[in-house]
Amino acid sequence: MKKMLLLLLFICGAVHSQEILSGYVVDEAENKPLEGAFVYLDGTTFSANSDARGFFKIVVPQKYNAQLVISYIGFETIRVDDPFKYGKPFKAVMRMDATTLDEVIITNKSPFTRKQMLSVFRKEFLGRSKAGRSCKIENEDDVYLFYDESTHTLKARCSKPIRIINKRLGYNIGFDLIAFQVQYNTTTLDENYMFRSFFAGTTAFTDTDKKGEALKNRKASYEGSVTHLMKTIKSGDWQGQKFSLYVDRLPAAPNDYFEVSDSLSYTKVKLNEAAIAPLLPKITLQGKEVKTSKYNRIDFTILRNMDTGTQSSINFDRDRFYIDQNGLFFPLDAITFKGYMGMLKAGDLLPADYKPAP
């Protein structure tokens with residue numbers, strides 16, 4: 001009897017710990033249900049399709065700091081911030097998509113061929129790592145590429161989710177591209193004149209290989225990644241995770257520069273003003289020193305496995321940021337990554353629910 005009681009308590013506890021996202025998808029014009037709408041929790045493997053009633057239900061083991069994305073061909077994509085706040089089924093009203101993307105692209109004359117621009121797009125979107133090079137975009141014809149000569153910027157848009165097959169990591173990814181830009185110092189596609197590469201979007205992962213080589217490759221992509229670093233900052237286990245910090249090229253103790261504390265369901269990381277102040281550039285105006293908060297002028301270098309591993313540099317544009325339980329940080333514009341971490345692109349993305357093997 002005692003064993004049975006313990007089993008029931010375990011089951012009840014497991015069910016209680018789950019979170020449920022549910023709702024009804026309807027079209028705005030006629031308020032009729034939309035069957036087959038694709039609903040997913042951004043950056044995870046959790047997704048569902050709406051049924052004949054327009055109803056969807058996604059069960060997840062925990063809350064995630066992620067948007068709930070609802071997409072349907074011919075309709076504007078809906079992105080729901082903090083979807084867990086509803087606690088019960090909600091109504092998602094979809095509006096017909098009136099985007100005239102084709103007209104914008106056709107009227108934009110580019111100094112480069114599509115083949116040239118596509119080559120850059122693959123490198124800066126998928127990446128040049130082993131995982132990035134193993135990726136294939138199934139619907140490249142849906143990607144619109146154009147070059148803005150006034151700003152020396154290569155841009156990309158896509159009216160449909162970009163379908164990525166990542167053989168090395170064993171994922172199929174639907175990437176809903178929100179922004180893609182590669183900026184240069186002059187009108188060129190030469191990477192030697194590139195000074196900024198940026199892309200953003202929402203992602204839905206489908207696991208296609210839960211065994212074998214993919215699991216080892218996933219761990220390799222995770223180790224030394226931004227997510228790995230964020231989890232290390234959160235836990236404070238720099239030595240155990242084989243990370244080392246250098247500040248302005250000198251070895252540094254992370255606790256001297258990062259003040260880590262709990263803030264609601266997140267971890268708050270604040271730069272230590274006392275440690276940072278001597279490193280900030282001094283600016284004088286009319287003979288008087290002016291305070292500055294140009295954190296991005298301080299060289300924070302991250303080494304992993306010391307000299308035999310990877311090296312990255314991080315620059316801060318704010319004095320604080322937050323990390324959730326899955327190692328995702330925000331706001332995204334708080335930190336800029338260069339070196340190894342800056343090289344990692346969509347080809348090395350792992351879902352937020354990925355758990356590295358011990």
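A residue is called buried here if its relative accessible area is under 20%, exposed if that area is over 50%, and partly exposed in between (1.4 Å probe, protein chains only). Welcome to a predicted model, in which local features need pLDDT of at least 70 and side-chain atom pairs count only at pLDDT 80 or more, while totals for chains, interfaces and linings use all residues. Residues are numbered from 1 along each chain as its sequence is written, and side-chain values use heavy atoms, with hydrogens and water left out.

**The chain as a whole**

- The chain holds nine helices and 24 strands; helices (H or I, at least four residues) and strands (E, at least two) are DSSP runs, numbered from the N terminus.
- Contact means heavy atoms within 4.5 Å. Among contacts between residues at least 6 apart in sequence, 60% join residues at least 24 apart.

- Strand E14 covers residues 243-247, and five of the five are buried, so the strand is largely enclosed by the rest of the structure.
- In a regular strand the side chains alternate between the two faces of the sheet. On E14, Phe 243, Leu 245 and Val 247 are buried on one side, and Ser 244 and Tyr 246 are buried on the other.
- Two strands pair if DSSP finds at least two bridges between them. E14 runs antiparallel to strand E20 (residues 300-304), with five bridges joining the two, and Ser 244 stands opposite Leu 303 of E20.
- Strand E15 (residues 250-252) is also antiparallel to E14, through three bridges; here Val 247 has Leu 250 as its bridge partner.
- E14 and E15 make a hairpin with two residues between them, and Asp 248 in that turn has a positive phi of about 50 degrees.
- Arg 249 lies in the loop between E14 and E15. Arg 249 has a positive phi too, of about 75 degrees, although it is not a glycine, and it counts as exposed because its relative accessibility is 72%.

- An open sheet with antiparallel pairing is built from four strands in the order E16-E17-E22-E23. Its edge strands are E16 (258-263) and E23 (329-330), each of which pairs on one side only.
- Six bridges link E16 to strand E17 (residues 266-271) in the antiparallel sense, and Ser 263 has Tyr 266 of E17 as its bridge partner.
- Helix H6 (residues 226-235) lies across E16, E17, strand E22 (320-323) and E23, and it runs at about 100 degrees to E22. For such angles, axes are lines fitted to C-alpha atoms, for helices over the stretch in contact, and angles run from 0 to 180 degrees between N-to-C directions.
- The buried residues of H6 include Val 226, Leu 229 and Ile 233. After the helix comes Gly 236, with a positive phi near 80 degrees.

**A three-stranded sheet**

- Three strands in the order E4-E1-E7 form an open sheet whose pairing is mixed. Strand E4 (55-60) and E7 are at the edges with a single partner strand each, so one side of each is left without a neighbour in the sheet.
- From one strand to the next, the twist averages 30 degrees.
- Strand E1 (residues 19-27) pairs with E7 in the parallel sense over five bridges, and Tyr 24 stands opposite Lys 91 in E7.

**Backbone features to look for**

- Most residues other than glycine have a negative phi, and most peptide bonds are trans.
- Asp 82 has a positive phi of about 45 degrees although it is not a glycine. Asp 82 is found in the loop between strand E6 (78-80) and strand E7 (90-94), and it counts as partly exposed because its relative accessibility is 46%.
- The peptide bond from Phe 330 to Pro 331 is cis, with omega near -5 degrees. Pro 331 lies in the loop between E23 and strand E24 (335-339).
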